[in-house]
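Please open the structure in a viewer and keep the selection tool at hand. The stops below are meant to be visited in order.

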Amino acid sequence: IRASASEPCNLSLKINDVVVTSVADAVELEYTHTIIESEDISTVLVEGEAGGITASDSLDYVVRTESSTQSLPDGAIAGINYFNDATRATLVLWAPQKSSAYAVGDFSDWKVSPEYQMKRDGEYFWIELSGLNPQEEYSFQYLVDETLWIADPFTDTVLDPDDQYIPDDTYPDLKPFPDAAKKDQWYFNTLSVLQTGQVPYQWQTANYQAPEKENLIIYELLLRDFFENGERNYQNLIDTLGYLKRLGINAIQLMPIMEFNGNESWGYNPAFMLAPDKYYGTKNKLKEFVDKAHAEGIAVILDIAMNHHNLPNPFVMMYFNFTTYKPTPSNPWFNVDAKHPFNVFYDMNHESTY
């Protein structure tokens, strides 16, 4: 444990409120601590005193223990599970070959805590969160095997630092990325969002009939290029449905809208397949666009890239060599090298049962 001060002072180091070493009139302190603590959180505190003024800094550490084994709750599947009680949610992480996982988020003050070490059931890790406020959004991550920070692969809302550039008109009341969650590595700065007690979107067009495939007249559309900067959202697309209908089309094909890196993209660099990218609007505004298109007799087709994913996709990240920048041979979902020419990003292993 090393500490430094901006000017000579009396430095002391405490571990769990016990002074273990001190030095007078110094700018540096160093101490080697043999860890004897168990699974509880331990606090390291350094204090410097000079001229009646005291400054301090601290860090916490947790000794990882073996995950307890317990069967998944009935009905729980991989991802974020909501049940009848809006004060609870169950998180389930599918992580073959891994030995431990912690849930870390707003609910833990962004600290790794034994209280949020996940239980294990075969290839799955899970934890039930309680005491949640209904309809409040909570951001979180998983810490897997001490070093990997990942979001939930099945989350339907992703937060990252690029969110600051999304206009309020496009995504009102967007939850800010918390400073406490920021990491030095860009690929660790992706968070999941859970929200109990969500009010479902109320569909208005109940009797829509899609045109026969042989009668489709398709307008392929990239939201990024269809509108000017600052106006690239589903609401403006809803407002343009009359124009598109007058062209004589009966289907709109959206280029990929699944969560991708950055904000401006064709969308063929997906990272989270079940999360609509927020750069175009909320998930309910996407549903409203589909609803309003159906009311005009227009089908909506989603272009989906099923060949590859990009970092920070969690199934890439959990089995990845950050030196070679390739998936490892043990990755259940992705090939080390692509099985065909002209591949981009990381090639999905379609021969794997996973």
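**Before selecting anything**

The model is predicted, so local features need pLDDT of at least 70 and side-chain atom pairs count only at pLDDT 80 or more, while totals for chains, interfaces and linings use all residues. Residues are numbered from 1 along each chain as its sequence is written, and side-chain values use heavy atoms, with hydrogens and water left out.

**Stop 1: salt bridges**

A salt bridge here is a side-chain nitrogen of Lys or Arg within 4 Å of a carboxyl oxygen of Asp or Glu. By this rule the structure holds 17 salt bridges.

Select Lys 278 and Asp 163, whose side chains meet in a salt bridge at 3.0 Å, N to O. Lys 278 is in the loop between β17 (270-276) and α4 (283-295), and Asp 163 is in the loop between β12 (158-159) and β13 (191-195), so the pair ties together parts 115 residues apart in sequence. Helices (H or I, at least four residues) and strands (E, at least two) are DSSP runs, numbered from the N terminus. Is Lys 278 buried or exposed? Lys 278 is buried, with a relative accessible area of 3%, and Asp 163 is buried at 7%. Buried means under 20% relative accessible area, exposed over 50%, and partly exposed in between, with a 1.4 Å probe and protein chains only.

Next, select Asp 145 and Arg 64, which form a salt bridge with their closest N and O atoms 3.9 Å apart. This pair links distant parts of the chain, 81 residues apart: Asp 145 belongs to the loop between β10 (137-144) and β11 (148-150), and Arg 64 to the loop between β4 (53-62) and β5 (79-82). Asp 145 is partly exposed, with a relative accessible area of 21%, and Arg 64 is partly exposed at 32%.

Then move to Asp 85 and Arg 88, whose side chains meet in a salt bridge at 3.4 Å, N to O. Asp 85 is partly exposed, with a relative accessible area of 34%, and Arg 88 is partly exposed, also with 34%.

**Stop 2: aromatic rings**

Rings of Phe, Tyr and Trp (its six-membered ring) pair if their centres lie within 6.5 Å; planes under 30 degrees apart count as stacked, over 60 as edge-to-face and the rest as tilted. A search of the whole structure finds 25 aromatic pairs.

Select Trp 94 and Tyr 124: their ring centres are 5.7 Å apart and their planes are at 15°, so the pair is stacked. Trp 94 lies in strand β6 (residues 89-94) and Tyr 124 in strand β9 (residues 124-129), so parts 30 residues apart in sequence are tied together. Trp 94 is buried at 18% relative accessible area, whereas Tyr 124 counts as partly exposed at 25%.

For a charge beside a ring, select Lys 183 and Trp 149: Lys 183 lies over the face of Trp 149, at 4.2 Å from the ring centre. A charge sits over a ring if NZ of Lys or CZ of Arg is within 6 Å of the ring centre and within 35 degrees of the ring normal. Lys 119 also has its charged end over a ring, that of Trp 126, 5.1 Å from its centre.

**Stop 3: helix α4**

Select α4 and look for Leu 286, Glu 288, Phe 289, Val 290, Asp 291 and Ala 293, which are buried. The elements covering the buried residues of α4 include α2 (234-239), α3 (241-246), β15 (251-254), β17 and β18 (299-302), where contact means heavy atoms within 4.5 Å. Just after α4, Gly 297 takes a positive phi of about 80°.

**Stop 4: nonpolar cores**

A nonpolar core is a set of buried Ala, Val, Leu, Ile, Met, Phe, Trp, Tyr and Cys residues joined through side-chain atoms within 4.5 Å. Select Leu 91, Leu 93, Leu 194, Ile 252, Leu 254 and Phe 289, which touch the most other members among the 70 residues of the largest core. Strand β10 gives the largest share of this core, five residues. Finish at another core, lying apart from the largest one, with nine residues, among them Leu 11, Leu 13, Ile 15 and Val 46.
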